[in-house]
Protein chains: 2
Amino acid sequence: MSLLVVGTVAFDQIETPFGKSDIILGGAATFIGLASSMLDVKTGLVSVIGGDFPQEHLDLLIDKGIDISGIEKIENGKTFFWAGRYHNDMNSRDTLATELNVLENFQPIVPEKWKKPEVLMLGNLHPLVQKSVLNQLEERPKLVILDTMNFWMDLTWDELMDVLKDVDVLTINDEEARQMSKEYSLVKAAKKILEMGPHTLIIKKGEHGALLFHENNVFFAPALPLEDVFDPTGAGDTFAGGFSGFLAKTKNYSFDNMKRAIIYGSALASFTVEKFGTDRISELTEDELNDRLDVFKSLTNFDIELD
Amino acid sequence: MSLLVVGTVAFDQIETPFGKSDIILGGAATFIGLASSMLDVKTGLVSVIGGDFPQEHLDLLIDKGIDISGIEKIENGKTFFWAGRYHNDMNSRDTLATELNVLENFQPIVPEKWKKPEVLMLGNLHPLVQKSVLNQLEERPKLVILDTMNFWMDLTWDELMDVLKDVDVLTINDEEARQMSKEYSLVKAAKKILEMGPHTLIIKKGEHGALLFHENNVFFAPALPLEDVFDPTGAGDTFAGGFSGFLAKTKNYSFDNMKRAIIYGSALASFTVEKFGTDRISELTEDELNDRLDVFKSLTNFDIELD
């Protein structure tokens, strides 16, 4: 089994300058799974939903070839709900509602057949929840990727530091990298964070792209300059799904292949922001993805011959 | 003659979190000239200085092979002076003093031998001053590049629009592109600005790199992630000097060659920020520049083979 993902499967309601969504499918694991499924990677989700979660959303995941046997349904509970409003610049947002519901007491259970995944993607959750998934595995995955956020740095620093020791790749945004390292320079921040456990750090900079740090190597992946960002929700998770899915598929964890994986993640994320929620990524075709990968090539590739 | 530059030659005094400089050599034309001289391009400056301008600064420019015959010295005047203080993030700054002095009545005079330049670089100045240089030329240069700033958009919009009609390449930063186009999306902003005259637009994003727009093509050049930015003053002008110098040297104005030119500009600018003012760029060696160009290659180049 290739890619095991733990994370939220949720309801979102989103307001942007372009409009307001209904209560729609969201959640980190959802976006990660939809992205990796585009790469034909056998992907399993571990998550929790309530009795209010409609079958059509599960059918979407099943249709994409995603294994949902690790999604626990608590019939008398309600699905995790998040509502937010994006500002005019689309880079900042206010949270209007966070109802943890079934997520509050989430105890992930890894299905038997998923206890030896090639790659493990730990979506943004309480570090103890992330740790408990690692502990249930029978073999250490070839690559463990962890996503987290400032909330856990503020409230569960020690637990975060503990799980980080078992992680290969950490993904955070630039402000979180600065908070975590107490360094403004992202290069200095990366050096400090790479001493906390992971051998690789990805700093997500939204519309400014992403930086990949590994030992003394740095790679800079651009974000696609877009006419309009319609809804940024899920872009970071789509990115993580493309990155982890590409590596699970190719089983090559070299720096050069991580560069390719980041480009796949960036290309996939550039679709997610084009429509509300999962609307764009779930209708995406392989041809569209390949065309966009070509755009990414021409966006940054240049040739300079030095004497 | 290859590259004609009009712009300021000035005194700067700079405060950063790392320290405070003396009153040192600054000015857009200074940085542009020093950058282009690294590429062995015959460069001529058109500017104005006061009687207080020390010969050692002129000697530095002469030593670099820069033609200073277009720098007018007004013996009973004082050289343009700017003082500023950078904030802790090094991305924003306060202007502490701006003394225009001899710049106030600057009437640029292009020397006879410089009236047929291959490339013209119009540094950030009043649009009428930029226009008067264009009007003095005997032949239109192969490429005219113009740098400007929000100050001229606020105060001299009509004059700016007028000179822009005669310009090939405009360089501004992201906030200025938004102000100029009244569009938040940089892609939309670029489309509008490219209808104002220039066929090519470079949007400088500081630590986030630069975007090159030309017709329907986009190129994204990264900035080098640095441990410390010591002093950002002059980085944008160094970038412009590398860009315009590379094009004047290679005489190839294709999109592919402009991509190379932007990488040269970015690489040169990454040195300028390492020390106060011109200290780093004026001691730079060709080997150091070539090494850094290699770093830029590995920073963004990747290979993905699509079916």
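Colleague: So helices are DSSP runs of H or I, at least four residues long, numbered from the N terminus. With that settled, where does R280(A) lie?

Modeller: In the loop between α9 and α10 of chain A. Keep in mind that this is a predicted model.

Colleague: Is R280(A) buried or exposed?

Modeller: R280(A) counts as buried, because it has 21 C-beta neighbours inside 10 Å. The cut-off for buried is 20 or more.

Colleague: Which residues is R280(A) in contact with, leaving aside neighbours within four places in sequence?

Modeller: F271(A), T272(A), E274(A) and K275(A).

Colleague: And how far is R280(A) from S270(A), C-alpha to C-alpha?

Modeller: Those C-alpha atoms are separated by 9.8 Å. Along the chain, the two residues are 10 apart.

Colleague: New topic. Which residues of helix α6 in chain A are buried?

Modeller: E176(A), A177(A), M180(A) and S181(A). The helix covers residues 174-181.

Colleague: Why do they line one face of the helix?

Modeller: Look down the axis of α6(A). The buried residues fall within an arc of 120 degrees, so they sit along one face.

Colleague: What covers them?

Modeller: The cover includes α4 (150-155), β11 (169-173), α7 and β12 (200-204), which belong to chain A.

Colleague: Let's step back to the whole chain. How many helices and strands are in chain A?

Modeller: 10 helices and 14 strands.

Colleague: What does the radius of gyration of chain A agree with?

Modeller: With a compact globule. For 307 residues, such a globule would have a value near 19 Å, and chain A has 18 Å. Along its principal axes, the C-alpha trace spans about 70 × 45 × 35 Å.

Colleague: What share of chain A counts as buried?

Modeller: 50% of the 307 residues.

Colleague: And of contacts between residues at least 6 apart in sequence, how many join residues at least 24 apart?

Modeller: 68% of those in chain A.

Key. Residues are numbered from 1 along each chain as its sequence is written. Chains are lettered from A and ligands numbered from 1 in the order in which they are written. This is a predicted model: local features need pLDDT of at least 70, side-chain atom pairs count only at pLDDT 80 or more; totals for chains, interfaces and linings use all residues. A residue is buried if 20 or more other C-beta atoms lie within 10 Å of its own, exposed if 12 or fewer, and partly exposed in between; C-beta atoms are placed from the backbone. Helices (H or I, at least four residues) and strands (E, at least two) are DSSP runs, numbered from the N terminus. The arc is that of the directions from the helix axis to the C-beta atoms. Two residues are in contact if their C-beta atoms, placed from the backbone, lie within 7 Å. The radius of gyration is taken over C-alpha atoms; the globule rule is 2.2 Å times the number of residues to the power 0.38.
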